[in-house]
Amino acid sequence: MQKIVLQLIYSFLIRWFLKLIVGVKLDDSKFLLSEEQFIIVANHNSHLDTMSILASVPRKIIHKIKPVAAQDHFGKTKFQEKLSNFFINSLLIQRKRDLENPDNDPIIKMIRTLERGYSLIIFPEGTRGEPEKEQPLKPGIGFVLSQRPDITYVPVFMTGLGKAMPKGDNLIVPFSSSLTFGKPTKIQTANIRDILRQIQNDFETLKNSNNQTPIIKNGYESVNSRS
């Protein structure tokens, strides 16, 4: 039942709302169908970020992807927690580690969810920042990947969504926006700082690719392609 609801909401209603009304250009994500399991890591400026990623992934696997979200924001009450879990398929975590109580520790909860076969969406910057401004990456994604180096991560970079729905504003306005997928990648080291640096470099690469001026050759526009 939840799979059908998620497909209807994100793969149809929100997908076309974002494309036709807001003006979001969603990248092709069919390559995710060949990945057994993955962690999408993305920059974070707006509540539209999670919706845009869910709207862009293949509908066949949308129910196997859990966006990681803050318990104190999306699960303030048991009722709100149930709504978030059902309609966003979220994995709610607390913001700080709790090694004395593993059931509440955010890193352990994410790893256990991966072990249950789910893929994750993680925003390494933590909370939403100012529109079009990047924030330092928090180490949580590094801890998860260092303990599960067998799982690939997929960088995603979004532009414009912070203008379409800024932090603290519930009104969605049309704004030229884009969501771009990078290549599925495995970490090259278990060092947390190096993992964060690797992901930051991926973000920079995707950001620069979005800023490139299209090249016109023989009357056709050259577009960036995933190699």
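Is Asp 150 buried, exposed or partly exposed, and what is its relative accessibility? Asp 150 counts as partly exposed because its relative accessibility is 43%, where buried means under 20% relative accessible area, exposed over 50%, and partly exposed in between (1.4 Å probe, protein chains only). The model is predicted, so local features need pLDDT of at least 70 and side-chain atom pairs count only at pLDDT 80 or more, whereas totals for chains, interfaces and linings use all residues. Residues are numbered from 1 along each chain as its sequence is written, and side-chain values use heavy atoms, with hydrogens and water left out.

**Salt bridges**

- A search of the whole structure finds 7 salt bridges, each defined as a side-chain nitrogen of Lys or Arg within 4 Å of a carboxyl oxygen of Asp or Glu.
- One of them joins Asp 150 to Arg 148, with the closest N and O atoms 2.9 Å apart; Arg 148 counts as buried, at 18% relative accessibility.
- Lys 207 and Glu 134 meet through their side chains in another salt bridge, at 2.9 Å from N to O. This pair links distant parts of the chain, 73 residues apart, with Lys 207 in helix α8 (residues 192–211) and Glu 134 in the loop between β5 (119–122) and α6; helices (H or I, at least four residues) and strands (E, at least two) are DSSP runs, numbered from the N terminus.
- Lys 207 is partly exposed, with a relative accessible area of 29%, and Glu 134 is partly exposed as well, with a value of 31%.
- Glu 81 forms a salt bridge with Lys 78, the closest N and O atoms being 4.0 Å apart. The two residues are separated by about one helical turn because they are 3 residues apart in helix α4, and Lys 78 is exposed, with a relative accessible area of 64%.

**Second largest pocket**

- About 900 Å³ of space lies in the second largest pocket. On a 1 Å grid over the protein atoms alone, a pocket is an open set of points with protein on both sides within 12 Å along at least five of seven lines, unlike a cavity, where a 1.4 Å probe fits but cannot get out. Grid points are joined across faces, edges and corners, and the volume is the space filled by probe spheres set on the points.
- Its lining has 35 residues, of which Val 68, Ala 69, Ala 70, Phe 123 and Gly 126 lie nearest the centre, a lining residue being one with an atom within 4 Å of a point.
- Elements giving two or more residues to this lining are α1, α2 (48–56), β3 (65–70), α3 (71–74), α5 (106–115) and α6 (140–147), and the largest share, 4 residues, comes from β3.
- The lining divides into 22 nonpolar, 9 polar and 4 charged residues, where Ala, Val, Leu, Ile, Met, Phe, Trp, Tyr, Cys and Pro count as nonpolar, Asp, Glu, Lys and Arg as charged, and the others, Gly among them, as polar.

**Individual residues**

- Trp 16 is placed in helix α1 (residues 2–22) and counts as partly exposed, at 40% relative accessibility.
- Asn 89, in the loop between α4 (78–87) and β4 (91–93), has a positive phi of about 60° although it is not a glycine, and Asn 89 is buried, with a relative accessible area of 2%.
- Thr 50 lies in helix α2 and is buried, with a relative accessible area of 16%. The C-alpha atoms of Thr 50 and Asn 191, which are 141 residues apart along the chain, are separated by 28 Å.
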